[in-house]
Amino acid sequence: MPNALEYKAVNKYFRSKGKLIQALHNINFSVAEGEVFGFVGPNGAGKSTTIKIMLDIIDDYTGDVQLYGVSARNADARKGIAYVPESPALYEQFTPLEILQMGLDMYGIRRTDKDAWCTQWLERFSIGHVAKQRIRSLSKGTAQRVALAHALVVNPKLLVLDEPLSGLDPVGRKDVIEILAEYKKQGGAIFFTSHVLHDVERIADRFGFIHKGELLTTRSPRELAAERADCYLVRYNAEQPIHSSNIQIRDSEFEIEVTQSELPNFIQQISANNGHLLTVKPAVSLETVFFKILNEQNNSNQISN
Ligand SMILES: Nc1ncnc2c1ncn2[C@@H]1O[C@H](COP(=O)(O)OP(=O)(O)OP(=O)(O)O)[C@@H](O)[C@H]1O
């Protein structure tokens, strides 16, 4: 069975102000069918360039990129692939319902229950109540949900997401993570870019770390968690959150990331507030893990030089 996505020896140069910039250095990785792969790196690392290549928005690169065994240079490769950019540009004069209907038309999907199907997807994203309002009247976070619903309404086999959670508040992020988890459960593959690991760690099977155009390593969430034991994700029940920065998971259930030194005091606060501790697990912080990987890389370069 071919991989959902395969990069082989991909190099990409840009010319800017007379200078040649190598945006991607010999990128090799694959994403299996049904796998969720997070592509993580700082600004300018090469994440968007990688996405633009698989979507054939950039075609002047060397190497080979395939989607389900078909070269990304071939338009057929994008059948069944849905993409949501970081700042989706939706037609402002249309409504969310019309945008989703257009999505189905664009993908040549005919459904007798078109309206009900699209409405159901809008409701799934908790935006059914704005189905018939124009995009221009919606907040950025609501428009982001419309763009995600527009991608999922076509039942894609691979979902490509550039910073999927960037415009969303904590409740929006929780909703979207749940929807993506369900999509994954049904066998969908996801390639997403992110600056933040915390929110998406629970659905990713693997992370690739890219820095200055080089894919440094790929790691599973379990491997990352094992590397980072000084920060914890605490989930608890209480009538009220203990701090305003706590994320509400559902009624009376909250989550917060605390450092090792804060943990004992935080657990005491939970019982002092008549709450109950549910789980404590190692949290993944992008910064820590990323710099650790960079250090390892620098040390091994020094040894080999
Ligand atoms: N059209 C372009 N012309 C010249 N240089 C470019 C162009 N697009 C990207 N680059 C350069 O290529 C490198 C990779 O950029 P890219 O946008 O892929 O990074 P990124 O990881 O997506 O960053 P961000 O998180 O800020 O979106 C950067 O050095 C960037 O300046």
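What distance separates the centres of domain 1 and domain 2, taken over C-alpha atoms? The separation is 27 Å. Domain 1 covers residues 5–220 and domain 2 covers residues 226–304, the bounds being those of an automatic or database domain assignment. The model is predicted: local features need pLDDT of at least 70 and side-chain atom pairs count only at pLDDT 80 or more, whereas totals for chains, interfaces and linings use all residues. Residues are numbered from 1 along each chain as its sequence is written.

The chain contains 8 helices and 14 strands; these are DSSP runs numbered from the N terminus, with helices (H or I) of at least four residues and strands (E) of at least two. Along its principal axes, the C-alpha trace of the chain spans about 65 × 60 × 40 Å. A compact globule of 305 residues would have a radius of gyration near 19 Å, and the 21 Å of the chain agrees with this. That radius is taken over C-alpha atoms, and the globule rule is 2.2 Å times the number of residues to the power 0.38.

Strands β1 and β2 run antiparallel and are joined by 9 bridges, with Val10 opposite Ile27 in β2. These two strands form a hairpin with 2 residues between them, and Lys17 in the turn has a positive phi of about 50°. Strand β1 (residues 5–16) also pairs with β4 (residues 62–67), in the antiparallel sense over 5 bridges. Along this pairing, Leu5 stands opposite Leu67, and Asn11 has Thr62 as its bridge partner.

A second open sheet has 6 strands in the order β6-β7-β8-β3-β9-β10, and its pairing is mixed. Here β6 (81–84) and β10 (214–219) are the edge strands; each has a single partner, so one side of each lacks a neighbour in the sheet. The twist averages 15° from one strand to the next. Within this sheet, β3 (residues 36–40) and β8 (residues 189–194) pair in the parallel sense over 5 bridges, and the bridge partner of Phe37 in β8 is Phe191. Helix α1 lies across β3, β7 (158–162), β8 and β9 (206–211), running at about 145° to β7. Contact means that the C-beta atoms of two residues, placed from the backbone, lie within 7 Å. Axes are lines fitted to C-alpha atoms, for helices over the stretch in contact, and angles run from 0 to 180 degrees between N-to-C directions.

The ligand is surrounded by residues that include Phe14, Ser16, Ile21, Ala23, Lys47, Ser48 and Thr49, a residue being near the ligand if its C-beta atom, placed from the backbone, lies within 6 Å of it. The elements giving two or more residues to this shell are β1, β2 and α1 (47–54). Helix α1 gives the most, with 3 residues. By class, the shell has 4 nonpolar, 7 polar and 1 charged residues; Ala, Val, Leu, Ile, Met, Phe, Trp, Tyr, Cys and Pro count as nonpolar, Asp, Glu, Lys and Arg as charged, and the others, Gly among them, as polar.

Technical notes: Pairing = 2+ DSSP bridges.
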